[in-house]
Amino acid sequence: MWEALDDFYWTYQSLIHGIGVNGILALSVYVVLAVGQLSLGQAAFMGVGAYTGALLSVKFGTPFAVSMAASAVVPALLALVVGGPTLRLTGVYLAIATIGLGEITRIVFLNWDYAGGALGLSSIPERGGVPAIYGTLAVLLIGLTLVARSRIGRAMEAMREDEAAAGVMGVNLPRYRLVALVVSSAMAGVAGCLSAHVSSFIGPNEYGFEAAVTILSYALLGGIGSPLAPVLGSTILTLLPEVLRPLADFRLMVNGLIIVLAVLFMPRGILPWRIARTG
């Protein structure tokens, strides 16, 4: 039995790692969407976290825990710096601004010779694996579920449903927006670090516009009624290419069709139910 499980893991280890990492990314975009903001900067923050953690491991040989912590702190500081001016924007304008941030970071990575430039960064030590990935995912899922059930969660829901009314009721809108962006960026950075340390290679083009849209699609498919919903959406979208592998070149088309149908007929996601509140 254990031999069969071991064979299964080695056959599908990339898929197993991907489901966990994408689940963390889904939670990171959930945090921003939960306060009614549309951000496409998750891929940029993921890239910053990936390069931070990978450079520390490759160039300085730091312990994995230190690399993980730094991969959360550096994107969070970047979000803190850019959050002030960008969070004055809303809706599609904020999305456009964060797309610009993503392109800037991608070009920086592309031309940064110390980090491998266009060739990317290789020989990243394989650390963490399933325990680190799924342990992080479980902690974040439990933590965000508790937040969603609290007074903070109610304030976030009020902002998402009617920002003007939430402001009148005393919700500090700028503070909530900035905290959501900082927390979201830290989570995306951790996901990037974990991904880098299980793939042993990262490249600048992994964190462009396509990745940002893919991360957003996790929440669009799953919904944002609860933290579990975007994780479910990310799991489905990560598994779909593997499940549709027999369709060869048509699998991406079928993947896109499923997303379109879900958005049209389930606009609140496949798991729209909200968590019961307490307190």
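**Figure 1. Arg177 and its salt bridge with Glu163.** Arg177 is buried, with a relative accessible area of 13%; here buried means under 20% relative accessible area, exposed means over 50%, and partly exposed covers what lies in between, using a 1.4 Å probe and protein chains only. This is a predicted model, in which local features need pLDDT of at least 70 and side-chain atom pairs count only at pLDDT 80 or more, while totals for chains, interfaces and linings use all residues. Residues are numbered from 1 along each chain as its sequence is written, and side-chain values use heavy atoms, with hydrogens and water left out. The partner of Arg177 in this view is Glu163, and the closest N and O atoms of their salt bridge are 2.8 Å apart. The two residues link distant parts of the chain, with Glu163 in helix H7 (residues 163–168) and Arg177 in helix H8, 14 residues apart. Helices (H or I, at least four residues) and strands (E, at least two) are DSSP runs, numbered from the N terminus. Glu163 is partly exposed, at a relative accessible area of 24%. A salt bridge is a side-chain nitrogen of Lys or Arg within 4 Å of a carboxyl oxygen of Asp or Glu, and by this rule the count comes to 2.

**Figure 2. The salt bridge between Glu103 and Arg106.** Here the side chains of Glu103 and Arg106 meet at 3.1 Å, N to O. Both residues sit in helix H4 (residues 91–111), and because they are 3 residues apart, about one helical turn separates them. Glu103 is partly exposed, with a relative accessible area of 28%, whereas Arg106 is buried at 19%.

**Figure 3. Helix H6 meeting helix H8.** Take a look at how these two helices pass each other: the axes of H6 (residues 151–161) and H8 come within 11 Å and cross at roughly 105°. H6 is therefore roughly perpendicular to H8. Axes are lines fitted to C-alpha atoms, for helices over the stretch in contact, and angles run from 0 to 180 degrees between N-to-C directions. Angles of 65 to 115 degrees count as roughly perpendicular, those under 35 as roughly parallel, those over 145 as roughly antiparallel, and the rest as oblique. From H6, the residues Arg151, Ile152, Ala155, Met156 and Met159 meet Leu173, Tyr176 and Arg177 of H8; contact means heavy atoms within 4.5 Å. By class, this contact has 6 nonpolar, no polar and 2 charged residues. In that sorting, Ala, Val, Leu, Ile, Met, Phe, Trp, Tyr, Cys and Pro count as nonpolar, Asp, Glu, Lys and Arg as charged, and the others, Gly among them, as polar.

**Figure 4. Val171 and the largest nonpolar core.** This core has 73 residues, and Val21, Leu25, Met159, Val171, Leu194 and Ile202 touch the most other members. Its largest share, 14 residues, comes from helix H8 (residues 173–199). A nonpolar core is a set of buried Ala, Val, Leu, Ile, Met, Phe, Trp, Tyr and Cys residues joined through side-chain atoms within 4.5 Å. Leaving aside neighbours within four places in sequence, Val171 is in contact with Ala155, Met159, Ala166 and Tyr176.

**Figure 5. Gly102 in helix H4.** Gly102 is buried, with a relative accessible area of 7%. Apart from neighbours within four places in sequence, Gly102 is in contact with Ala44 and Tyr207. The C-alpha atoms of Gly102 and Met187 are separated by 16 Å, and these residues are 85 residues apart along the chain.

**Figure 6. Val130 in helix H5 (residues 129–148).** Val130 is partly exposed, at a relative accessible area of 29%. Setting aside neighbours within four places in sequence, Val130 is in contact with Tyr9, Ile16, His17 and Gly135. Ile16 is 114 residues away along the chain, yet its C-alpha atom and that of Val130 are separated by 7.8 Å.

**Figure 7. Two serines with positive phi, Ser123 and Ser200.** Ser123 has a phi near 60° and is placed in the loop between strand E1 (121–122) and H5. Ser200 has a phi of about 70° and is found in the loop between H8 and strand E2 (201–202). Ser123 is exposed, with a relative accessible area of 63%, while Ser200 is buried at 15%.
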